[in-house]
Amino acid sequence: MNEHGNQQLAETDRARAESHVARYHRQIILPELGLAGQRALSASRVLVVGAGALGSAAALYLAAAGVGTIGIADGDRVDLSNLHRQVLHGTRDIGRLKTASAKDRLAALNPEVRVVEHRGYLDSGNVLDVMAGYDVVVDGSDSFAARYLVNDAAVLLAKPLVTAAILRFEGQLLVFRPGEGCYRCVFPEPPPAGTVPNCAEAGVLGAVAGVLGSTQAVEALKLMGRMGEPAVGRLGLYDAWTGRWQQVQVARDPACAVCGDHPTITGPIDYDAWCGVPAPAAGRGAREVSVAEAERLMHQGIRFVDVRPAAEYARGHIPGAVLVGPDTSSANLPGTADTAVVCVCLQGVRSAAVATRLESQGRSAVSLAGGLLAWARAGLPWDGGLPT
Amino acid sequence: MITVHLPRDLAAEFSCRDTLAVDGVGDLAELWAALEQRHPGLGRWLREPDGALRQHLSLFVNARRVAWADERIALRAGQEVWILRAVSGG
Ligand SMILES: [Zn+2]
């Protein structure tokens with residue numbers, strides 16, 4: 001290369017370095033972080049589990065702060081009903097994979113960050129391989145099965161874990177460093193399936209996720225930038241209703257099944273089975289599931305039954321869904337009495353009534369919230385003419 | 001007086017406040033009994049048939065987690081008791 005070319009390269013490098021410093025200037029001038037801390041962030045790799053509400057807030061701040069590598073693990077697609085709280089995604093992203101939408105958004109925010117998409121849900125088979133490539137784990141997943149999966153993997157791989165959860169107006173935050181306890185030390189068992197509602201059933205104020213997800217980003221940045229006092233040893237309880245943060249102390253439980261003195265869990269287990277299959281809350285009608293959850297159930301092999309009249313079904317339906325009609329009872333459903341089913345209709349009203357009736361007959365049934373309209377809008381598999 | 005914090009959805013289920021002031025209890029057994037008396041079903045709901053705290057609940061007395069909710073655990077006036085369950089929304 002000639003002298004002129006070398007000079008051009010040097011200038012490009014200098015420009016890049018200047019823009020790098022300018023981008024992070026307001027945090028580099030924090031003496032507690034400084035250039036050394038910024039360099040540590042650039043060299044760090046964080047895994048964000050779930051590109052949902054918590055993951056959105058956390059990932060945006062982690063990217064903005066210049067964390068070198070951000071992994072995003074999610075198998076879900078963007079749904080219109082996500083957008084009030086999942087600020088990584090926009091209206092134009094509806095139907096897209098959340099990892100893809102997240103990658104675009106984070107790249108637009110900060111092209112210096114390497115975003116790695118882990119498409120699909122973490123499970124017992126892949127979690128250790130995926131997590132092994134990261135320094136810190138931020139858990140924003142939306143099921144107990146995923147929470148225990150991520151926790152156990154973090155313990156087994158000795159990775160720091162920043163975990164949070166939200167519901168309605170409430171949030172919970174826990175930070176663990178290896179050897180200092182884990183999620184199981186605080187909550188050894190998940191609630192029985194169906195007893196604690198999820199956001200799809202009970203609702204959540206979107207900004208509550210912003211509070212908790214941003215706090216997760218703060219804690220992860222403290223760990224990676226080696227500054228401050230990590231919020232370990234405490235369970236943070238945020239109550240948006242009263243605007244209060246309260247804390248209770250937690251500690252490693254020597255009897256913990258995974259991080260205790262005599263662990264019984266030495267590798268990932270079957271978390272879906274351990275947390276139980278979806279069950280309805282007694283007396284409140286059948287449980288409704290979101291499109292995303294229904295898609296997950298489909299992958300698990302749960303049977304879909306269409307409760308619309310035959311003529312409506314004939315015009316178009318979910319591939320594999322069995323036509324059972326509006327007057328179905330437990331007796332004429334496919335499978336045996338203990339086979340769970342997902343009931344679907346156009347808008348989710350008739351299917352909710354049928355699912356509730358089936359539940360009262362002792363059958364495990366859930367209803368697709370928003371119905372086939374929501375399913376088709378998300379661009380999920382469909383046979384025949386699209387529903388209108 | 002002891003202050004008891006309950007999960008809000010549980011409190012709603014029993015039509016009570018999520019923060020309760022309970023007088024005149026000296027240990028956990030007396031607290032469960034007092035809760036049951038004030039809100040029939042609540043004291044029983046919190047425990048397994050054998051009397052132990054339900055597995056998925058976590059108990060904190062004075063901001064410290066109590067791994068084993070022994071009924072004889074003493075409570076003193078001014079203490080706070082948190083009964084927590086995990087939530088999973090993300
Ligand atoms: Zn543990």
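View 1. Over all chains, the structure holds 18 salt bridges, each being a side-chain nitrogen of Lys or Arg within 4 Å of a carboxyl oxygen of Asp or Glu. This is a predicted model, in which local features need pLDDT of at least 70 and side-chain atom pairs count only at pLDDT 80 or more, while totals for chains, interfaces and linings use all residues. Residues are numbered from 1 along each chain as its sequence is written, chains are lettered from A and ligands numbered from 1 in the order in which they are written, and side-chain values use heavy atoms, with hydrogens and water left out. Here A:E219 pairs with A:K222 in a salt bridge whose closest N and O atoms are 2.9 Å apart. Both residues sit in helix 9 (residues 206–225) of chain A, 3 residues apart, about one turn of the helix; helices are DSSP runs of H or I with at least four residues, strands are E runs of at least two, and both are numbered from the N terminus.

**View 2. The zinc site of chain A.** Meet the protein donors of the zinc ion: A:C182 (SG), A:C185 (SG), A:C256 (SG) and A:C259 (SG), at 2.2 to 2.3 Å from it. Donors are N, O and S atoms within 2.8 Å of the metal (3.2 Å for Na, K and Ca). The site is tetrahedral, with angles of 91 to 124° among its 4 donor atoms; for four donors, that term asks that all angles lie between 85 and 135 degrees. Along the sequence, the donor residues follow the spacing C-x2-C-x70-C-x2-C. A:C185 in helix 7 and A:C256 in the loop between strand 8 and helix 10 (271–275) link distant parts of chain A, 71 residues apart.

**View 3. Where chain A meets chain B.** The contact (heavy atoms within 4.5 Å) takes 40 residues from chain A and 20 residues from chain B. About 2500 Å² is buried between the two chains, 54% of it from carbon and sulfur atoms; buried area is the accessible area (1.4 Å probe) lost on putting two parts together, summed over both. There are 2 salt bridges between chain A and chain B.

Terms used:
Tetrahedral: all angles 85-135°; square planar, octahedral: opposite > 155°, others 65-115°.
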